Amino acid sequence: MKKILGILALLIVVCILTACLSSSFLSAYNIENVLRRSALFGILSIGVAFVIITGGIDLSLGSVVCLVGCALPWLLTVQHWPLSLAIPTVAALSIGIGLAHGLLVTKLRIQPFIVTLCGLLLYRGIARGFTRDQTVGFGNEFKPLRTLATGKIPFLPGFDIPAPLIFLVVVAIVAAIFLNRTIYGRYLLALGRNPQAATYSGIRTERMTILAYVISSGLAGLGGALFVLDVNSAQPVDFGNFYELYAIAAAVLGGCSLRGGEGAIVGVLIGAALMQVLRNTITLVTEKNNVEFAIIGAVILVGVIADELTRRIAYRRRTAQALRQTITSEA
Amino acid sequence: MSLPLLEANRLEKSFAGVRALRGVSMSLKPAEVLAVIGENGAGKSTLMKILAGVQSADSGELKVDGAARAFRSVGEALSHGVALIHQELNLAETLDVGANIFLGREPRRFGLIDERKIRSEARRYLDQVGLSIDPTTPLNALPIGQQQLVEIAKALSVNARVLIMDEPTSSLSGHEAQSLLKLIDTLRSRGVGIVYISHRLAEVEAIADRVEVLRDGENAGALQKGEICHAKMVSLMVGRELSQFYPHQTLAPGAAILDVQELRTATHPKHRNSLTVHAGEIVGIAGLVGAGRTELLEAIFGVNPPVGGTVLVQGFPLNTRSPQAVIKAGVALVPEDRKHSGLVLEMSVRENISLATLARDQRLGFLNREREQSLCQEMTSAMNIKTPSADQPVQFLSGGNQQKVVIGKWLAAAPRVLLLDEPTRGIDIGAKQEIYRLMDELASRGVGILFVSSELEEIIGMADRALVMHEGRIRGELKRAELSEESIMNLATGGDASHGSSIVQTASPFSL
Ligand SMILES: Nc1ncnc2c1ncn2[C@@H]1O[C@H](COP(=O)(O)OP(=O)(O)OP(=O)(O)O)[C@@H](O)[C@H]1O
Ligand SMILES: [Mg+2]
């Protein structure tokens with residue numbers, strides 16, 4: 001909980017600063033836009049959080065976003081597949097990718113970093129292959145389908161809720177319940193800390209790890225579909241580029257430890273929002289984004305340092321309190 | 001009277017939620033063995049960590065050779081000649097033995113690590129602790145007892161004037177412990193001051209010049225050389241006398257509940273081991289460290305699947321490739337190495353106790369939190385686990401209390417067959433007796449218990465029957481009446497069963 005408070009404070013500070021520096025930050029249009037981006041990235045971040053909790057990493061999800069983001073319009077507009085076939089195909093594709101990652105990591109014991117690094121290269125390569133590096137898109141078709149990502153739900157006069165936010169809320173609630181209320185969530189947290197002790201307690205650690213990779217790739221697939229529906233077309237060369245880094249950064253800012261066994265969905269959501277607000281701030285305030293990565297890198301560093309410091313202070317305070325309590329109880 | 005080597009006055013230390021030391025004082029003279037004893041959580045390890053610079057005291061003073069010092073790091077303590085062997089192993093598992101011994105102090109030649117010197121020096125220190133292994137063996141290839149000896153060799157290599165040993169014998173077999181005591185004797189005659197922590201009071205009696213007793217973070221009394229005896233130590237530690245230490249009553253055994261037939265473990269695939277445990281029976285497995293006892297239990301439990309043979313529980317064959325299936329059949333294993341296999345250190349007492357029973361108590365996959373809570377309460381009081389709250393991460397409990405959490409986790413599973421691997425390792429004498437009572441009670445309720453122990457006394461006191469292993473196979477079986485240190489040691493060291501006068505020639509199920 002403490003971890004979440006720190007990052008929440010950081011998010012609020014960044015929002016207030018940006019609002020002071022740029023008048024357009026608080027415009028309904030901009031807020032809707034930031035919410036839409038945060039929702040899409042939030043879905044990816046929740047996915048990768050599960051893998052990080054097992055002590056692994058998923059570098060491939062930007063490429064999965066690209067693969068699904070290219071495959072969906074390509075199947076529909078170039079191959080003229082019916083929707084009822086194209087959607088299950090991309091879903092199966094992303095889940096299959098997760099399954100493959102999980103099997104390689106658990107059964108062959110290849111390090112997650114390597115497995116998913118190869119995935120990162122492989123899936124983008126495949127997408128560039130079948131599209132022949134050409135941009136694929138929906139053009140003017142599939143308007144109803146695209147409202148899944150572009151749609152707005154009227155909320156306040158002059159302010160609508162972007163549709164992807166609904167997806168995010170559903171995913172986040174299911175993920176939070178899964179992680180905190182089911183035995184499987186507890187298994188993931190336990191095996192992330194100590195896989196051997198988990199095995200000795202009768203937990204099927206391999207299955208649980210595979211499940212985490214499936215969740216990660218599956219949500220990356222969902223994200224990829226929503227991204228392409230949102231922007232209408234995808235360029236295989238750079239669609240989804242670096243998205244894995246935004247997602248991993250969001251998860252880590254939100255309290256997931258890369259050592260495994262730690263993480264909360266709420267934190268990941270705030271982390272994802274912070275990343276998008278920052279990108280928005282940079283565009284609004286500097287009107288160019290060539291310094292984007294430098295600023296984001298610096299903020300993540302500050303966030304992680306602040307988190308470590310607050311934890312130390314909290315620990316010291318608890319110690320002092322314990323001392324006072326025992327002294328007064330003995331007096 | 002020589003000046004104390006090391007002196008501590010009114011040390012205070014608190015952790016989040018716990019006041020571990022409340023004004024503890026002690027002193028150590030050259031060529032003296034000071035035993036520090038006390039119940040689990042009394043503050044022994046905390047005191048030692050402060051003496052060795054691992055942690056710093058909140059207040060109080062520390063003197064070395066009469067001059068006040070405050071160690072801010074282990075390096076500083078080492079430079080004053082104070083070395084600590086930790087209760088929990090602190091070695092780099094992927095490095096080899098030699099590299100571990102000289103970690104951070106590698107001898108160099110032309111700026112490069114001098115591997116030859118490491119090897120020859122390491123061998124010297126390994127010889128001193130009686131370990132005949134090659135210094136280039138990777139550490140994680142060694143069983144935990146031998147790792148402990150490597151840790152001791154490492155401490156010797158710094159030529160300390162003050163050597164602190166926090167439960168060095170807890171994972172050693174009786175034989176290895178004996179040679180360690182001899183080594184301590186040699187060090188003492190060289191003028192080294194030694195602080196020795198152990199829950200094995202017989203060792204303390206044998207080696208200590210003085211005993212300092214801690215209770216709840218305070219000095220509870222001291223015993224001089226002439227006064228050191230078992231009864232006095234116990235009464236200072238627990239504040240009462242302990243009557244009838246081993247409570248076990250042999251019952252008429254029921255039907256066979258665990259039947260192991262020609263089991264071959266991956267480590268000793270050549271040997272086929274068979275054994276039977278009946279309902280209500282306590283069977284001990286004795287043997288030296290490395291005799292294959294842990295491997296046998298782990299093969300039955302399915303975490304290290306056997307390469308051959310069958311295991312029957314109540315007549316039904318077990319799937320020994322799946323710990324889940326084995327647990328479901330009513331078998332539980334309390335593993336030897338709590339840090340690696342027994343506990344998720346960062347998780348709370350509650351989460352650890354419930355970990356093996358979550359699946360049983362689930363409601364459609366959801367956690368059953370009330371059940372989890374009540375189970376934790378039940379086990380903390382049954383096992384008398386000292387913790388500020390159920391939410392305390394187990395890494396902050398004392399070693400003995402951690403062990404109780406592991407046992408509690410498996411008692412929660414209400415097993416029919418209980419496999420215990422060194423169940424009382426690092427447990428204080430009061431708690432030990434609680435565990436023995438518990439074993440007796442479980443047996444009287446019809447549970448079959450198979451326990452591995454390196455403490456001969458414990459085997460003799462608790463087992464209805466003991467199997468003795470040597471180099472991967474069961475050498476023989478001893479009935480309760482035949483149990484003695486000699487009969488066990490004879491078999492454990494590979495002696496022929498027929499040599500011991502009171503030893504039965506083992507019958508066919510125990511393949512020789
Ligand atoms: N890092 C820590 N954080 C919080 N509490 C701690 C920490 N280290 C020790 N404690 C607490 O301090 C008390 C004393 O612990 P210590 O390890 O010194 O006991 P001990 O006498 O060595 O016991 P044992 O015989 O079980 O090893 C215990 O209650 C323990 O829970
Ligand atoms: Mg201790």
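**One arginine and its chain**

Please bear in mind that the model is predicted.

Is B:Arg200 buried or exposed? Its relative accessibility is 13%. The cut-off for a buried residue is under 20%, so B:Arg200 counts as buried.

Which residues does B:Arg200 touch, once neighbours within four places in sequence are set aside? The contacts are with B:Thr169, B:Ser170, B:Leu172, B:Ala177 and B:Glu455.

Let me now turn to the chain as a whole. Chain B contains 18 helices and 22 strands. The C-alpha trace of chain B spans about 70 × 55 × 50 Å along its principal axes.

As for burial, 57% of the 512 residues of chain B count as buried, B:Arg200 being one of the buried residues. Among contacts in chain B with a separation of 6 or more, 67% are made by residues 24 or more positions apart.

Finally, the surface and the charges. Chain B has an accessible surface of about 19,900 Å², and carbon and sulfur atoms hold 49% of that area. There are 55 positive and 60 negative side chains in chain B. The centres of these two sets lie 3 Å apart.

Thank you for your attention.

Methods. Residues numbered from 1 in each chain as written. Chains lettered and ligands numbered in written order. Predicted model: local features only at pLDDT ≥ 70, side-chain atom pairs only at ≥ 80, totals over all residues. Heavy atoms only, no water. Helix = DSSP H or I, 4+ residues; strand = E, 2+ residues; numbered from the N terminus. Buried < 20%, exposed > 50% of the residue type's maximum accessible area, 1.4 Å probe, protein only. Contact = heavy atoms within 4.5 Å. Areas by Shrake-Rupley, 256 points an atom, 1.4 Å probe, with all protein chains shown as cover. Lys, Arg positive; Asp, Glu negative; His and termini not counted. Charge placed at Lys NZ, Arg CZ, Asp CG, Glu CD.
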